[in-house]
Amino acid sequence: MNPTIIGLTARALLGRRRVLLLLPMPVILIGLTLLGVTSENEHVTRSEWGPQVFANLGLAVILPLTALIVGSSVLGLEVDDGTITHLITKPLPRSEIILSKLLVAWLVTTAATALPLAIAAVIAGSGTLAIGLVVGTALGALAYSALFLALSVMTKRPVAVGLVYIVLWENLLVSFVDGARVFSIRRHAAAVADVIGDTPLISSTMSLPTALIMTSVFVVVGTVGATRRLRSFALTGEAN
């Protein structure tokens, strides 16, 4: 990894207006948690609203959308405006560029999602769930970041393709095809959080070994794919 690339990428990413899109989602998550806690009664229990907030909103919406915004920006914007040529003309291994970009995307996505999810879990009265969500979110953020980083160099519309994966695959197809769940990153994150959290606030039917193996597959395939694609870029910033 290259400290210079990491620093420049972080400053460029956090200085863009697109990062402002990350702010409302954590506020909504924490707000809904407070609403759920204060509205509990014999008809509305924590085990009923908890999975909706933590799994169906936090891990199914906030995590992937945050990763998409960040992951498609750390390199995709440089490809779009042509400034990628400044990187590919330098004597740097393509893998070093990709890993540096991936690290920034992963750290920013994890910080933007794991912290509010942990705060919400503590508000809901479960410290173990907070730990589980941090670990699950970190692993999910790494897999999502690798996937969306790869898409940013493989297609000119990474956000559109990423939304197809999030909406159609993860939130629609998996509801009807059981076998599709193994390729759902948010299901991997939920499985890790469920095992560690051990609470009815979140649940998963996927085994921990399967979740960890498939997370590794997404990370490796995304990273290798992005690296190979970047090697095909000519000095114009376009792929050969």
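**Helix packing and the nonpolar core**

Helices α2 and α6 run roughly parallel to each other, a label for angles under 35 degrees, whereas over 145 is roughly antiparallel, 65 to 115 roughly perpendicular and the rest oblique. Their axes come within 9 Å and cross at roughly 10 degrees. Axes here are lines fitted to C-alpha atoms, for helices over the stretch in contact, with angles from 0 to 180 degrees between N-to-C directions. Helices are DSSP runs (H or I, at least four residues), as are strands (E, at least two), numbered from the N terminus.

This is a predicted model, where local features need pLDDT of at least 70, side-chain atom pairs count only at pLDDT 80 or more, and totals for chains, interfaces and linings use all residues. Residues are numbered from 1 along each chain as its sequence is written, and side-chain values use heavy atoms, with hydrogens and water left out.

Look at the α2 and α6 pair. From α2 come Pro26, Leu29, Ile30, Thr33, Leu34 and Val37. They meet Ala112, Pro116, Leu117, Ile119, Ala120 and Ile123 of α6. Contact means heavy atoms within 4.5 Å. By class, this contact has 11 nonpolar residues, one polar and no charged. Ala, Val, Leu, Ile, Met, Phe, Trp, Tyr, Cys and Pro count as nonpolar, Asp, Glu, Lys and Arg as charged, and the others, Gly among them, as polar.

Now the core. The largest nonpolar core holds 57 residues. Such a core is a set of buried Ala, Val, Leu, Ile, Met, Phe, Trp, Tyr and Cys residues joined through side-chain atoms within 4.5 Å. Helix α7 gives the most to this core, with 13 residues. Phe54, Leu59, Leu133 and Phe148 have the most contacts inside it. Beyond four places in sequence, Phe54 is in contact with several residues, including Trp49, Leu117, Ala120, Leu133 and Leu201.

Ala138 is found in α7. Its 18% relative accessibility makes Ala138 buried (under 20% relative accessible area; exposed is over 50%, partly exposed in between; 1.4 Å probe, protein chains only). Outside four places in sequence, Ala138 is in contact with Trp106 and Thr110. Thr223 lies in α10 and is buried at 14% relative accessibility. Thr223 touches Ile98, Leu99, Leu102 and Ala146, leaving out residues up to four places away.

Finally, the record. An unreviewed UniProt entry places "transmembrane region" at several spans, among them 98-123 and 129-151. Residues 98-123 are 100% helix, with end C-alpha atoms 37 Å apart. Residues 129-151 are also 100% helix, with ends 32 Å apart, C-alpha to C-alpha. UniProt positions follow the numbering used here, feature names are shortened, and annotations may be inferred rather than shown by experiment.
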